[in-house]
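Here is a briefing on one protein model.

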Amino acid sequence: MKSGSSLLDAELHKTDPRVKLIAAKLKKENFKPDALIEVLHTAQNVYGHLPLNVLAYISKALSLPPSRVYSTVTFYHFFSLKSKGEHTCLVCTGTACYVKGAQVILNEIESKIGLRPGQVSADNQLGIQVARCIGACGLAPAVVLDDEVQGKVTLGEIINKIIDKMAAK
Ligand code: FES
């Protein structure tokens, strides 16, 4: 059996808290190849979609050929390889983030940007997503802008960053 920590040293960024959630799920499932679908669900919940480097990580962890993991993802319509929108803003709505104002952030995004979770801007520049916990509870409220985890975000700061992303194209 592989250890979670050696896998974490692989391709994925060590400081990305989301990887730790996937590693915890892999460990809980005892790295059984049969747990592929469940692990993919966990990954999609925290990333909003399934990036290729995350699939490679899962494939290695479960000792499955990458082609098997990829074909599973493309077979089921509820998995997505691509994020919706050129840029993504994923707001964590897990307990710690909720207590620290995640819903207020979502309300502000809706009021200032006009988008709700699951929606994409008309020009496809921005997609809004939510996750139940991204593993960065100590940084609540946490938001992931594209692939960057932003901790202890304030309303004005996050709205400005989103607008900057949309304007950057
Ligand atoms: S609840 Fe938001 S990071 Fe855990």
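The C-alpha centres of domain 1 and domain 2 lie 23 Å apart. Domain 1 spans 6–75 and domain 2 spans 87–167, with bounds from an automatic or database domain assignment. The model is predicted: local features need pLDDT of at least 70, side-chain atom pairs count only at pLDDT 80 or more, and totals for chains, interfaces and linings use all residues. Residues are numbered from 1 along each chain as its sequence is written, and side-chain values use heavy atoms, with hydrogens and water left out.

- Eight residues from domain 1 and 12 residues from domain 2 make the contact, where contact means heavy atoms within 4.5 Å.
- About 770 Å² is buried between domain 1 and domain 2; this is the accessible area (1.4 Å probe) that two parts lose on being put together, summed over both.
- Carbon and sulfur atoms give 51% of that area.
- Pro17, Arg18 and Asn45 supply 58% of the area that domain 1 buries against domain 2, more than any other three residues.

**Sheet**

- Four strands form an open, mixed sheet in the order E2-E1-E3-E4.
- Strands (E, at least two residues) and helices (H or I, at least four) are DSSP runs, numbered from the N terminus.
- E2 and E4 (148–150) are the edge strands, each with a single partner, so one side of each has no neighbour in the sheet.
- From one strand to the next, the twist averages 20 degrees.
- E1 and E2 pair in the parallel sense over six bridges; two strands pair if DSSP finds at least two bridges between them.
- In that pair, valine 91 stands opposite valine 130 in E2.
- E3 (residues 143–145) pairs with E4 in the antiparallel sense over three bridges.
- Valine 143 stands opposite glutamine 150 in E4.

**Helices across the sheet**

- Helix H3 (residues 36–47) lies across E1 (87–92) and E2, at about 125 degrees to E2.
- Helix H7 (residues 102–113) lies across E1, E2 and E3, at about 145 degrees to E1.
- Axes are lines fitted to C-alpha atoms, for helices over the stretch in contact, and angles run from 0 to 180 degrees between N-to-C directions.

- Five of the six residues of E2 are buried, so E2 is largely enclosed by the rest of the structure.
- Buried means under 20% relative accessible area, exposed over 50%, and partly exposed in between (1.4 Å probe, protein chains only).
- Glutamine 129 sits in E2 (residues 126–131) and counts as buried at 11% relative accessibility.
- Beyond its neighbours within four places in sequence, glutamine 129 contacts Tyr47, Gly48, Lys84, Thr88, Cys89, Leu90 and Val91.

**Cysteines**

- The whole structure has zero disulfides, a disulfide being a pair of cysteine sulfur atoms within 2.5 Å.
- For cysteine 89, the closest cysteine sulfur is in cysteine 92, 12 Å away, too far for a bond.
- Cysteine 89 is buried, at 0% relative accessibility.
- Cysteine 97 is also buried, with a relative accessible area of 3%.

**Threonine 72**

- Threonine 72 belongs to helix H5 (residues 66–75).
- At 12% relative accessibility, threonine 72 counts as buried.
- Leaving out residues up to four places away in sequence, threonine 72 touches Leu36, Ile37, Leu40 and Phe79.
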